[in-house]
Amino acid sequence: MSDEAIDRTKLPIRRPQFQGKVERTLDGSQPDWNSIAPIPAPKGAPNVLLVLTDDAGFGNPSGFGGPISTPTLDRLGKGGLTYNRFHTTALCSPTRAALITGRNHHTVGFGMIGEFAGPFPGYSATLPKDCMPFPKTLQGNGYSTACFGKWHLTPDNVQGPSGPFDRWPNALGFDYFWGFLGGESGQFDPVIIENNTAIGVPEEDDFYFPDAMADKTIEWLHGVRAHGSEKPWFAYFSTGCSHAPHQVGTDWSEKYKDKFDQGWDKLREETVQRQKERGVIPADAELTPRPEAMPAWDSLDANHQRLYARQMEVYAGYCENADWNVGRVIDAIEEMGELENTLVIYIWGDNGASMEGTLTGTFNELTTLNGVPLTDEQQLQLTLKWGGLEAWGTDMMGPHYSAAWAWAGNCPFRWGKQVASHLGGTRDPMVVHWPTRIAEQGGLRPQFTHVIDVGPTILEAVGLPQPTHIDGVEQQPMHGTSFLYSLDDAAAAEQHTQQYFEILGNRAMYKDGWWLSWMMPRIPWELDPETLKRFAPGVWDPETDPVELYYLPDDFTQAKNVADQHPEKVEELKKLFWEEAERYDVFPLLGGLTGFFGMRPPIPKQSQFTYYGDVQNIASGMIPQIYNHSYTISADLEIPEGAEGVIVAEADHLGGFSLFVQDGKLRHTYSFLGVQEFRQESETPLPTGSVNVRMEFAADAPKPATGGEVTLFVDDEPVGSGRIEHTVPARFSGYAGMDIGRDNGLPVDRSYVDKSPFAFTGKVKKVVFDVNPHLTEEHEQELHEHLEQALAGHAINA
Amino acid sequence: MSDDQKDVLIAAYLFEDLAKKDFDAVLKLVKDKAITVEGVVLVQKDEKGEVEVSETGDHLGRKGVKVGAGVGFVVGLFAPPLLAATAVGAALGGVTGKFAKHRLESGIGKKMDAALPPGSGGVIAVYDSGGADTVDKALVNAVKKSVAQIDGISARKLKAGLAEAQAGMGG
């Protein structure tokens, strides 16, 4: 069937009409081999490699004047085009949703992140069927498609083997998926998902997720080419780097030893100088000042300066490794002889660099996400506890650097991730490389571009229309504007001329060079109840938030607020913002924070969870909700002589619990986010045979992070007890799962690290969690409210 | 409680050179007679929890003299096995055992172990409780300070044991 004969506007494409002839027997019948041929891609359609890194800033990579060596980004920029006015939404899932659908994030339900589905259309965390991702279009038009790495578009509560799978990558246009579904992953102990199955934590000693991700991508490319000699492919290479936990081998971090001793203030000055020399910012661009919230480097004592310098060394090594792995994929494509006709779009960051480590940075990012306040002094002590600076970047910690490094990484702009009102949150580097199509090498493209433009650009580049229907559902047109027009013409007038921005109440309106910043008066890492009270329904009037106005053609960095000089422009852009907000389902503002403000989902009815056999890798967001109240864990065991091992364990030493048998005794360890550990054990050895063991946690009161008493039982007889002073209020881990009969990944109790995963040598017949054994209805309601708030807090920072 | 109760202070550090800086600051206080100490040592605990004494305060104005009982007292409290190699010689099983017993029975051992995590440097000082404020102010680079107490009677007994042992050695 010729290209012209194929109607590609409706997917799946209908089978071609049989052009042969059929008689009663083969005698006289004429074959039509086209009827069994797969749908071909448009003639000459290129391969497409889409690279997206995570939580990374405009001023980080060397190709954009930053201090982090990124030879692959630089190489592609020199052989292709550099876009210095590309924008994201300022938050993880929203950017990813906008990227793969080509529509504004609220319209496709991602005003917030995937972990937190809200009760309004713009915040449902549910990609609508009438806005299908563009990979679905490629897949239906003869492309092999795959996604590697971070996904972050599947809600927490559907990440198990019971599905539903319609929000997993395979249902959204990808033939193959290998990576993780949530917002983050440990680099040494990820829970790997392959297609629709959790394959768990790799057990190789030297496993490193970013390296393995490139290996898998190359393996897939080789496989595709081995089995389809002409079929074009689309690969979405979405690194977990540089999201926390910042983990990388010392061979990478040591490259940056002493490179950040000058501190963030000086680093920004150095970066902006290089940016001007490279031409990625105009020569007259003004470096924006340090916000009052950030300390001057020179004001810090020796301990803090050295700790912070180490934080950035690790971060830089982590990023360089990610770029190196992109380079390995590029090299493989080149080796296959396909780089010339491969469109590579390499986006450095799904939002600006992340300030979620708070000013101190943290040894364990989950402390921040759980709202556990730690002082500077405590952070230093906990860093010391888990191995000091040598351990920063290893799996002994789940580190995140200081917010001030993020701000410096977003140089020359203000703010960072979450702050959609300013360029520090929204503007990220992008390079485009496609030798077959792009004549100019090393050119700069200053046209305004946005993440929703990527899908339309790719479809135009490969010669496909946006389908009007997919799987029988009429599709909304994409909102983005293809920037293919700019490939040949550096001076082309920009075609994407207006764009709204909104994340967590931080707003902006761009139009024809003017940028209205309308930031909610909240520092991004402040999420305490007092702060949030100011934004409660009936209290917060977004109209009264201070506005800033910038004219970007004259002021690349947003250094000169001209709102006072152009009040009419301020009003025009305000009005336009409200119109766009209504059009794209942004309302209600703060729709992703309903949990804080009295709108909560129905209380879950299930309070008992039974696990038979050896269920493993239960997603961290799907474990029984044992937080902030009493609960019991009961297990029926078959115990042989000398039995040992884990009965049930969640997560690891940086937050989690483990009920296990060691030295003949029943033991329970509870890690309060690596800040404190609490251990209980039976006073007497466990009997053999069929035995029931039980751990009861009796909370002091149903309240956030409550302490309580633990009692261990064997066949209903109390055998040991102890106290847990503090419990985890919202979530033990951002990725590590729960296992029955073993403790996969990092151990909760490091006393059995040498035997990990310390599988139980007897038999675990079943484990039962009772998460609601003693609550009154009033308590239940209070806790439900708290948990919703805590989860919202987690979601903001994920 | 005895009047001559001693404070046992363990200051933990992220950086060895900053520990040394504070160690020197305490020694200066001693030299300037701002405080009276039983002993001060600078130690390093490796990642496996093994402790090494990097420096003792015994060279204070007495360069070349034998390691004193004060240092032996500090080392004995913190890591009795190190007494043999570091402080007072190799043939002192008896006094090492006394320190180990005291650590266990008084609970001071557990507290001291927890005060200095693996991989960190530390300054350990034993001094009269009255000097606590002065010492505390000198340890500006410590990221964690823990204080335990040892009563006067126990301190005297342990020191006497050390002195006897050293006398025997010096024999």
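User: What makes up the contact between chain A and chain B in this model?

Analyst: In this predicted model, the contact takes 13 residues from chain A and 11 residues from chain B. On the side of chain B that touches chain A, these residues divide into six nonpolar, three polar and two charged.

User: How do you know that the span of helix α6 of chain A is close to the expected one?

Analyst: Helix α6, residues 263-278 of chain A, has 16 residues and reaches 22 Å from its first C-alpha to its last. The expected span is 1.5 Å times one less than the number of residues, and for this helix that expectation is 22 Å, so the span is close to it.

User: Why are residues such as A:W264 and A:L267 called buried?

Analyst: A residue is called buried because 20 or more other C-beta atoms lie within 10 Å of its own, and A:W264 and A:L267 are buried in α6(A), as are A:G263, A:R268, A:T271, A:V272 and A:Q275. The buried residues of α6(A) pack against α7 (302-335) and α11 (403-409) of chain A, while just after the helix A:G279 takes a positive phi of about 80°.

User: Why are β15 and β18 of chain A said to stand at the edges of their sheet?

Analyst: The open sheet has four strands in the order β15-β16-β17-β18 of chain A, with antiparallel pairing. Both β15 (498-503) and β18 (548-551) have a single partner strand, so one side of each is left without a neighbour in the sheet. The twist averages 10° from one strand to the next.

User: What makes β16 and β17 of chain A a pair?

Analyst: Two strands pair if there are at least two bridges between them, and β16 (residues 506-511) and β17 (residues 514-518) of chain A have five bridges, in the antiparallel sense. In β17(A), A:L516 is the bridge partner of A:M509.

Definitions and conventions
Residues numbered from 1 in each chain as written. Chains lettered and ligands numbered in written order. Predicted model: local features only at pLDDT ≥ 70, side-chain atom pairs only at ≥ 80, totals over all residues. Helix = DSSP H or I, 4+ residues; strand = E, 2+ residues; numbered from the N terminus. Buried ≥ 20, exposed ≤ 12 C-beta atoms within 10 Å, placed from the backbone. Contact = placed C-beta atoms within 7 Å. Nonpolar A, V, L, I, M, F, W, Y, C, P; charged D, E, K, R; others polar. Axes fitted to C-alpha atoms, helices over the stretch in contact; angles between N-to-C directions.
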